[in-house]
Amino acid sequence: MRVAIIHYWLVGMRGGEKVLEALLRIYPQADIFTHVYDPSAVSDAIRRQTVRQSFIGSLPMASRLYKNYLPLMPMALEQLDLRGYDLIISSEAGPAKGIIPPPNALHICYCHSPMRYIWNMFHDYRANAGFLKRLLMLPAAHYVRNWDAVSAQRVDHFVANSRTVASRIARYYHRDAEVIPPPVMVEDFEIVPEAELGDYYLMAGELVAYKRPDLAVEAFNAMGRRLVVIGGGEMLAAIQRLAGPTVEVLGPRPFAELRHHYARCRALVFPGEEDFGLVPVEAMASGRPVIAFRRGGAGETVVDGETGVFFDEQSVAAIVDAEQRFRAQTFSPETCRARAEQFTTAVFERRMRNFAESCLRAAAASPPLPALRPVAAPALVSARG
């Protein structure tokens, strides 16, 4: 069986690329198609595969400016020749699912989210753009949005990484989706003895506006409690300026250091709304509870009162209140770890393999469409009485 995996772009190793690695473990013979490929930015597991770029990859400075080429990506996807493949899996967060599948191929879309910058977060992205970009975003997003909705009908089966994303697929594409959470490398994290725990909280992840890191920093400034911030992104300089004396902004750090802080913080603070959110699961894999906004993926992975506490609005006061409620409770590291183990790579690979195999069996068992019978032309009616 020939397998093709369509991934939006390969310019770094984040959650989507971890899903791609897991898919390659299921289908090691798969070929990869993508818009832009930077071999130096991805893992050996990806570099070992045959990777083909769309024409976007040959455009000027594509590895840095790829998002600016979004209006050209529908055309680029439709030019990919996938004849001869039996199974096509598109990995969708940027444009990936809009390929034209061969007639006899099965197309499964693993959807991290319908494109946020044209759907649920369009107005947030536009508000933070410069004047010229805001002007261009209106017609470009309108065109891509219409194409995106139409191209959803080229998918045989959708898989969503969370119930949150499944609801977006239903809303924007009018399609049902199987929910299979993405893989988390739970085995990479450890629980440390209580004597090694520090007296600080942790916020980790990319520092971008929609994740609201500013709220956590302001809340811990107000409380005078210690907060360690790990991560880079467009808001790093602003967060460094905002940080008070009890907030330590470390910026991007090696995985070993992040792992160290996961295991030794009092709790992870997670103020944003994510599609799934790997960071809370990684914290729980380290035996640490989570203080999270009760929206998006965290609302599905964190168990209130058992592996963390929630707050219901994105505000400084809500985070302060949640931290106070957190300190009044106790949490078992073993319970946190057990919850994380429901999202291991082995669980993802088993569920994804079983789902694809069931879809392939169903497609093979479907009877061929009956041949069309010729329809006689209607008789002409004379205009004369």
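Two cavities of 30 Å³ or more turn up when the whole structure is searched, a cavity being a set of points, on a 1 Å grid over the protein atoms alone, where a 1.4 Å probe fits but cannot get out. This is a predicted model, in which local features need pLDDT of at least 70 and side-chain atom pairs count only at pLDDT 80 or more, while totals for chains, interfaces and linings use all residues. Residues are numbered from 1 along each chain as its sequence is written, and side-chain values use heavy atoms, with hydrogens and water left out.

The largest cavity has a volume of about 100 Å³, where a volume is the space filled by probe spheres set on the grid points, which are joined across faces, edges and corners. Its lining, made of residues with an atom within 4 Å of a point, consists of M203, A204, G205, E206, L207, K211, P213, V269, F270, P271, G272 and E274. Strand 8 (201-204) and strand 11 (268-270) each give at least two residues to this lining, strands being DSSP runs (E, at least two residues) numbered from the N terminus. Sorted by class, the lining holds seven nonpolar, two polar and three charged residues, with Gly counted as polar.

The second largest cavity contains about 40 Å³ of space and is lined by I180, P181, Q342, F343, V347, F348 and R351. Five of these residues are nonpolar, one is polar and one is charged.

As for confidence, the mean pLDDT (the predictor's confidence in each residue, from 0 to 100) of the chain is 94, and 95% of its residues reach 70 or more. Over residues 380-385, however, the pLDDT is below 50, and this stretch has zero contacts in the model beyond near neighbours in sequence, a contact meaning heavy atoms within 4.5 Å.

Key
On a 1 Å grid over the protein atoms alone, a cavity is a set of points where a 1.4 Å probe fits but cannot get out, and a pocket is an open set with protein on both sides within 12 Å along at least five of seven lines; lining residues have an atom within 4 Å of a point. Helices (H or I, at least four residues) and strands (E, at least two) are DSSP runs, numbered from the N terminus.
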